[in-house]
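Reader: I have a structure open and would like to learn how to read its features. Could we go through them together?

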Amino acid sequence: MGDDAVSLLAVGLNHTTAPVDLREQLAVPREQIGDSLSGLLTRASLSEVVLLSTCNRVEVYAVQPDTPEPETIVNALAELRGIKGELVRRHCFVREQDGAARHIFRVAASLESMVVGEPQILGQVKDAWQLARQRQTVGPILDRCLTMAFRGAKRVRSETEIARGGASIASVAVDLARSIFGELGGSTVALIGAGEMARQAAIHLRAAGAEQIFVVNRSRERGEALAEAVGGQAHGWDQLDEALIRADVVVTSTGASEPIIEPRMMRKIMRKRRGAPIFMVDIAVPRDVHSRVGRLDSVYVYDVDDLQKILLSNLQARSVEAKAADEVLEQEILSFLHWQRARSLNPVIRELRSHARSIMAHEVDKAIARLGEVDEAQREVVAALGHAITQKILHRPLKALRESAIHAERDDLSGALRTLFALEEALDSEDQLGESEREGELDNPKGDELADDPPEHDP
């Protein structure tokens, strides 16, 4: 296969294929993304790679030369995270070529999100793309694919109602809290973490009547910035216990690699709370709240997988807008697929042109030799004639070849052209053929070899 013959792949797991405990094991902290990209590139023999790791998905978008071997990506990802390959394979998905492109576009446009239409995923995909560009693991195919996916996502948001008035993780968490506690007027909220999800949660909780908001974050500066933005109070990390003692609702969204709220710690806090119920929404992956904390009396813990059940009704209600978004996005997907297919034809186009130009140049040289003494202007006329004939002969085959790239249902013409013009054999033998014919011209300077040329018309 030529240099442009490659396989586009999307491999990984997400909230539809794997439980949260496996996703959190496979999740890659942002500071480790760069090394993981280099590891994937080497271990899976990739030419391009982007790694997307969020609370709902760990996915690898890659370009692999020649024959696709997605299992090498799965194995490499598992090895990098210290997980058994079989466990990952059992829960992972694999998309190839058109399917991979379609998946990448749909993820960026939030059509594959737990909350269809949510805005965070586009920023997360862009961030993954930028990290890969910094590490120089993005090449022409992924760069084009993701750039066009961002354009498609923008169109989906501007041309449909999919992102307007829809539910978010934060709003669903508030609805769930209401179902347990009733109205939230006068309640106290603790936000553990100061990212975008925490900010959204604060906005929804304020709208639901929350009176006090505590922001607890390792970075005091970021915590204070969020507290100021949502009208809350910033607390240092050493005040985490105090915030948990006073809060009715807790939303955790840190980037910690291990749980920050353990059963032993929470038992002490519940004693100080004198059994007052507490509602905890853990939207971090890996989880901030240990799985056994939810077994304690009066402690209600929900993670991102729990919220998915509530979101099913949201998906049904938004099915009409989702269909409209699909139609808009499909236009952008097809545009990329046409570009990709046309690019894959570059080798055969180069080979065909090289073959034709080689023949043309050789025949022009023979014609000029037969003409005898010619000046530079006459030489240019003969060369221009040969070039024009070559271009006209190639025009229709190349046009048909490009059209076959646009219309995927048509048969692949590249193989037919290779066979009809015997390109591999022709390109290999042209140098030898040129040498032998030049030797013949030296033996027969009058050009008697014209007698061997085929007649212009059939007899």
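Reader: Let's take Glu59: with which residue does Glu59 form a salt bridge?

Author: A salt bridge is a side-chain nitrogen of Lys or Arg within 4 Å of a carboxyl oxygen of Asp or Glu. Here Glu59 pairs with Arg57, and their closest N and O atoms are 2.6 Å apart. Both Glu59 and Arg57 are buried, where buried means under 20% relative accessible area, exposed over 50%, and partly exposed in between (1.4 Å probe, protein chains only). Keep in mind that this is a predicted model, in which local features need pLDDT of at least 70, side-chain atom pairs count only at pLDDT 80 or more, and totals for chains, interfaces and linings use all residues. Residues are numbered from 1 along each chain as its sequence is written, and side-chain values use heavy atoms, with hydrogens and water left out.

Reader: How many salt bridges does that rule give?

Author: The count comes to 18 salt bridges. One of them joins Arg287 and Glu24, at 2.9 Å from N to O. Arg287 sits in the loop between strand S9 (278-282) and strand S10 (299-303), and Glu24 in helix H1 (residues 20-26), so this pair ties together parts that are 263 residues apart in sequence. Helices (H or I, at least four residues) and strands (E, at least two) are DSSP runs, numbered from the N terminus. Arg287 is buried at 16% relative accessibility, and Glu24 is buried at 18%.

Reader: What about Asp143 and Arg133: how far apart are their closest N and O atoms?

Author: They are 3.8 Å apart, and the two residues form a salt bridge. Asp143 belongs to helix H7 and Arg133 to helix H6 (residues 120-134), so the pair links parts that are ten residues apart in sequence. Asp143 is partly exposed at 24%, and Arg133 is partly exposed at 41%. Salt bridges can also share partners: Arg151, Arg155, Glu159 and Glu332 are joined into one network that way.

Reader: Which residues is Arg144 in contact with, leaving aside its neighbours within four places in sequence?

Author: Contact means heavy atoms within 4.5 Å. Arg144, in helix H7 (residues 140-159), is in contact with Phe336 and Trp339 once neighbours within four places in sequence are left aside. The C-alpha atoms of Arg144 and Phe336 are separated by 7.7 Å, although the residues are 192 apart along the chain. Arg144 is partly exposed, with 37% relative accessibility.

Reader: Which residues make the nonpolar surface patch?

Author: Patches are made of residues with over 30% relative accessible area and no salt bridge: like charges are joined within 9 Å, nonpolar side chains (Val, Leu, Ile, Met, Phe, Trp, Tyr) within 5 Å. Accessible areas come from the Shrake-Rupley method with a 1.4 Å probe, and for residues only the protein chains shown count as cover. Leu385, Ile389 and Ile393 make a nonpolar patch of about 300 Å². Leu385 lies in helix H16 (residues 376-406) and is exposed at 53%.
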